[in-house]
Amino acid sequence: QVQLVESGGGLVQAGGSLRLSCAASGSIFSINVMGWYRQAPGKQRELVTTITSGGSTNSADSVKGRFTISRDHAKNTVYLQMNSLKPEDTAVYYCNADILEGSGYPPNDYWGQGTQVTVSS
């Protein structure tokens with residue numbers, strides 16, 4: 001069984017910073033893509049940013065230049081450094097990972113429980 005556990009959300013004023021972490025644990029052979037998504041009230045879940053095992057990143061235009069994703073392969077952990085936060089960044093942030101649980105097995109898609117980020121104006 002694989003789990004993704006997020007931490008680091010909270011309340012911050014506009015212009016401030018937060019750092020989210022997401023640690024994967026359990027039966028993990030390898031991890032392909034890891035990423036962050038978010039869902040604001042009344043809106044669909046949307047991509048924030050992803051990072052491949054090779055370090056290639058893909059980010060939404062709305063966060064480019066402000067948010068940075070990184071990962072620690074040894075710790076099976078992905079981070080999201082969020083700077084210059086805006087009220088429109090307020091949402092529940094979800095960690096996502098594409099995980100292989102054994103050699104020769106297809107990858108499975110896992111989600112964290114979500115962490116609330118609130119940016120006050």
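How many disulfides does a search of the whole structure find? Some notes for a first look, keeping in mind that this is a predicted model.

1. The search turns up one disulfide. C22 and C95 are the partners, and their sulfur atoms sit 2.0 Å apart. The link between C22 and C95 is left-handed, with -80 degrees about the S-S bond. C22 belongs to strand β3 (residues 18-26) and C95 to strand β9, so the pair ties together parts that are 73 residues apart in sequence.

2. Are the two cysteines buried or exposed? C95 counts as buried because its relative accessibility is 0%. C22 also has 0% relative accessibility, so C22 counts as buried too.

3. Setting aside neighbours within four places in sequence, C95 is in contact with L4, E6, C22, G35, W36, V78, Y110, W111 and G112. As for A14, that residue is 81 residues away from C95 in sequence and 23 Å away in space, C-alpha to C-alpha.

4. Next, the largest nonpolar core, which has 28 residues. W36, M82 and Y93 are the ones with the most contacts inside this core. Several strands supply at least two residues each: β1 (2-7), β3, β4 (30-39), β5 (46-51), β7, β8 (77-82), β9 and β11 (115-120). Which strand gives the largest share? That would be β9, with five residues. As background, nonpolar side chains in soluble globular proteins tend to be buried together. Look back at W36 here: besides its place among the core residues with the most contacts, W36 is one of the contacts of C95.

5. R71 deserves a look of its own. R71 sits in strand β7 (residues 67-72), and R71 is buried yet has no salt bridge. What is the nearest side chain of opposite charge, and how far away is it? It's D72, at 8.4 Å, while a salt bridge needs a side-chain nitrogen within 4 Å of a carboxyl oxygen.

6. So what does the side chain of R71 reach? One answer is the backbone oxygen of N32, at 2.7 Å. Another backbone oxygen, that of I51, lies 3.4 Å from a polar atom of the R71 side chain. Leaving out neighbours within four places in sequence, the contacts of R71 are I31, N32, V33, M34, I51, T52, S53, T77, V78 and Y79.

Definitions and conventions:
Residues numbered from 1 in each chain as written. Predicted model: local features only at pLDDT ≥ 70, side-chain atom pairs only at ≥ 80, totals over all residues. Heavy atoms only, no water. Buried < 20%, exposed > 50% of the residue type's maximum accessible area, 1.4 Å probe, protein only. Contact = heavy atoms within 4.5 Å. Disulfide = S-S within 2.5 Å. Helix = DSSP H or I, 4+ residues; strand = E, 2+ residues; numbered from the N terminus. Lys, Arg positive; Asp, Glu negative; His and termini not counted. Polar contact = N/O pair within 3.5 Å; in protein donor to acceptor, adjacent residues only side chain to side chain. Core = buried A, V, L, I, M, F, W, Y, C linked by side-chain atoms within 4.5 Å.
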